[in-house]
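Visitor: I would like to learn how to read a protein model, one feature at a time. Could you take me through one slowly?

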Amino acid sequence: MKKFILLFVTLTFVIGASAQNFGIRAGADFATAKAKFEGYNLSENETGFYIGAFTTLKVSESFKIRPEVNYISIKDLDQIQVPILGN
């Protein structure tokens, strides 16, 4: 999995260098965890942050994709998110 993420990040930045759009994003992340069991309710709110990079790649005249790589940190949970959005 680590090799896939490294390959994706490398390709994103290499291809992104010749792409029309490239950017970096960062911000706050507000998470809520809720659980409901027999007679027991649990709800917790946590605040964290995210930082990431994106690029827009033109596939055809009417279709573009936007791959992103985001690092998200909330309390004890760190994760890497790799969405690929179509437009």
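**Reading the model**

Guide: Of the 87 residues of the protein, 22% count as buried, where buried means under 20% relative accessible area, exposed means over 50%, and partly exposed lies in between, with a 1.4 Å probe and protein chains only. This is a predicted model, in which local features need pLDDT of at least 70 and side-chain atom pairs count only at pLDDT 80 or more, while totals for chains, interfaces and linings use all residues. Residues are numbered from 1 along each chain as its sequence is written, and side-chain values use heavy atoms, with hydrogens and water left out.

Visitor: What is the mean pLDDT of the protein, and which elements have the lowest and highest values?

Guide: The term pLDDT is the predictor's confidence in each residue, from 0 to 100. The mean for the protein is 83, and 77% of its residues reach 70 or more. Among the elements, helix 1 (residues 2-16) has the lowest mean, 59, whereas strand 5 (residues 84-86) has the highest, 94.

Visitor: How many helices and strands are there, and in what order do they run?

Guide: Helices (H or I, at least four residues) and strands (E, at least two) are DSSP runs, numbered from the N terminus. The protein has one helix and five strands, and from the N terminus on they run α-β-β-β-β-β.

Visitor: How many salt bridges does the structure hold, and which residues are linked in a network of them?

Guide: Side chains of opposite charge can pair when their charged atoms come close. A salt bridge is a side-chain nitrogen of Lys or Arg within 4 Å of a carboxyl oxygen of Asp or Glu, and the structure holds four of them. Arg25, Arg66 and Glu68 are linked in a network: the side chains of Arg25 and Glu68 meet at 4.0 Å, N to O, joining strand 1 to strand 3 across 43 residues of the chain, while Glu68 also pairs with Arg66, with the closest N and O atoms 3.1 Å apart.

Visitor: Is Glu68 buried or exposed?

Guide: Glu68 counts as buried because its relative accessibility is 5%, whereas Arg25, at 29%, is partly exposed, and so is Arg66, at 27%. The side chain of Glu68 also makes a polar contact with the side chain of Asn70 at 3.2 Å; a polar contact is a pair of N or O atoms within 3.5 Å, and within protein one must be able to donate a hydrogen and the other to accept it, with residues adjacent in sequence counting only if both atoms are side-chain atoms.

Visitor: What is the phi of Lys75?

Guide: Most residues other than glycine have a negative phi. Lys75 has a positive phi of about 50°, although it is not a glycine.

Visitor: Which residues is Ala31 in contact with, leaving aside its neighbours within four places in sequence?

Guide: Contact means heavy atoms within 4.5 Å. Ala31, in strand 1, is in contact with Glu44, Asn45, Glu46 and Ile74 when those neighbours are left aside.
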